[in-house]
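Open the model in your viewer and keep the selection panel at hand.

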Amino acid sequence: MAAGTNSPGAATAHQWTGREARLLRHALRLSVRGFAAYLGVAARTVAKWESGGTATVPRPDTQAILDTALARADDGARTRFEVLVTEARESDRRPDPAPRYDYEAWTDDLDRTVACLGRQEFRLAHTLLDRWLGRFEPNSSDRQGMYLYGRSLRLLGEVRQDQGALRGPLSAEHVYRQALRVFTELESPRRVAQLELQLVVIDEMSGRLESAAARYQSLTDDERLSPHDRTRARLWVGTALSKRGLHETATDHIVPAIREFEALEEPADWSIAHQKLALAHRGAGDLTAAGRAIDVALSNRVDDTPLQQVRLDTAHAHILLSDTATADSGLAILERTARISTRYGLMHQLRSIDGIRRGFESR
């Protein structure tokens, strides 16, 4: 079918398939959602066309919509479309090339990266991720490659977050936003929501506590997230409120999260939630309750990675420093956690430790 246009030399599509629709979107330089809005159809419809490629042939009325979309495109977009269609058809006549990427090896490297993150082996994690991020050329028609690319970006964000690089051009926030764009393009709602949750964590870690608490609260009921992630959001509402000094209000969120983690059989988060509860009780001045909660957390360590060890022991030290009778023990634990933080490059934790020490010395 010829695309309807009166412009001389205009591009034509003899019949629209999912492939030609994708090429028109690229020629117009639009995202899936932007292209859907341009056509007046659902984004899911566009994604279905593109995933089907040449095997998907839109209905006649949709063919007419695509004809019209091409007709009202500017000359530059029509030229780009013509070039892309020509290249695609020439590619059809060539033998299929060998796969450019070994997706199985890439997946294995991502599994190794997760293990490196657990041990805070940041240098090796960077090496494994850079191996693929530097090699892969993003292409929305390669859904498997784009999915692995998005996962790689998210893991790189976690590396930078654990190292304390929160904002800026080489930060966790920057990389998380790149990953968010990838998974938005892939229309993966759970991955998108998880990255939105991670970006709120960055806000909280950067001191934007009021907005972080509000955003966490909205995510506690977000159906895109799993029950586990929604419960983590509930816990982090309490964390942000406690940091703002609203300690008693914080416990109203932390205690239900503890019960939910127990019901979900998530022992690691259950232990971490007791650590957060201990700090909220300490902030409220109830050192007895704080001691009970931190004892539960200490007695039920699960993922005793260097990072979690530093977090838990820093909380323990903070509580001990609140009582002159236990302050010496608190200082000794704080010194040990500072050495571990320095050894593993946990700069955000080191800044927190320095802040606790300065606060104690000022008293």
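A salt bridge here is a side-chain nitrogen of Lys or Arg within 4 Å of a carboxyl oxygen of Asp or Glu. By that rule, one salt bridge crosses the interface of domain 1 and domain 2. Bear in mind that this is a predicted model.

**Stop 1: the two domains.** Now show the contacts. Eleven residues of domain 1 touch six residues of domain 2. About 570 Å² is buried between the two domains, and carbon and sulfur atoms give 43% of it. On the domain 1 side, pick Arg 22, Val 32 and Arg 33: these lose the most area to domain 2, together 49% of what that side buries.

**Stop 2: across the interface.** Select Glu 185 and Arg 25. Their side chains form a salt bridge, 3.1 Å from N to O. Three residue pairs are in polar contact across the interface of domain 1 and domain 2. Next, colour the helices on the domain 1 side. α1 (18–28), α2 (32–39) and α3 (43–52) each bring at least two residues to the side that touches domain 2. The largest share, five residues, is from α3. By class, this side of domain 1 has three nonpolar, three polar and five charged residues.

Stop 3: Zoom out: the structure holds 24 salt bridges. Go to helix α8 (residues 143–162), where Arg 154 and Glu 158 sit four residues apart, about one turn of the helix. Their side chains meet in a salt bridge at 3.2 Å, N to O. Glu 158 is partly exposed, at 22%.

**Stop 4: loop to helix.** Select Asp 203 and Arg 167, a salt bridge of 2.4 Å, N to O. Asp 203 is in helix α10 (residues 189–205) and Arg 167 in the loop between α8 and α9 (172–185), so the pair ties together parts 36 residues apart in sequence. Arg 167 is partly exposed, at 30% relative accessibility.

**Stop 5: helix to helix.** Move to Arg 357 and Glu 335, whose side chains form a salt bridge of 3.6 Å, N to O. Arg 357 lies in helix α18 (residues 347–362) and Glu 335 in helix α17 (residues 327–344), 22 residues apart. Glu 335 is partly exposed, at 39% relative accessibility.

**Last stop: a network.** Select Arg 167, Glu 173, Arg 177, Asp 203 and Arg 208 together. Salt bridges with shared partners join these residues into one network.

Terms used
Residues are numbered from 1 along each chain as its sequence is written. This is a predicted model: local features need pLDDT of at least 70, side-chain atom pairs count only at pLDDT 80 or more; totals for chains, interfaces and linings use all residues. Side-chain values use heavy atoms; hydrogens and water are left out. Contact means heavy atoms within 4.5 Å. Buried area is the accessible area (1.4 Å probe) that two parts lose on being put together, summed over both. A polar contact is a pair of N or O atoms within 3.5 Å; within protein, one must be able to donate a hydrogen and the other to accept it, and residues adjacent in sequence count only if both atoms are side-chain atoms. Ala, Val, Leu, Ile, Met, Phe, Trp, Tyr, Cys and Pro count as nonpolar, Asp, Glu, Lys and Arg as charged, and the others, Gly among them, as polar. Buried means under 20% relative accessible area, exposed over 50%, partly exposed in between (1.4 Å probe, protein chains only).
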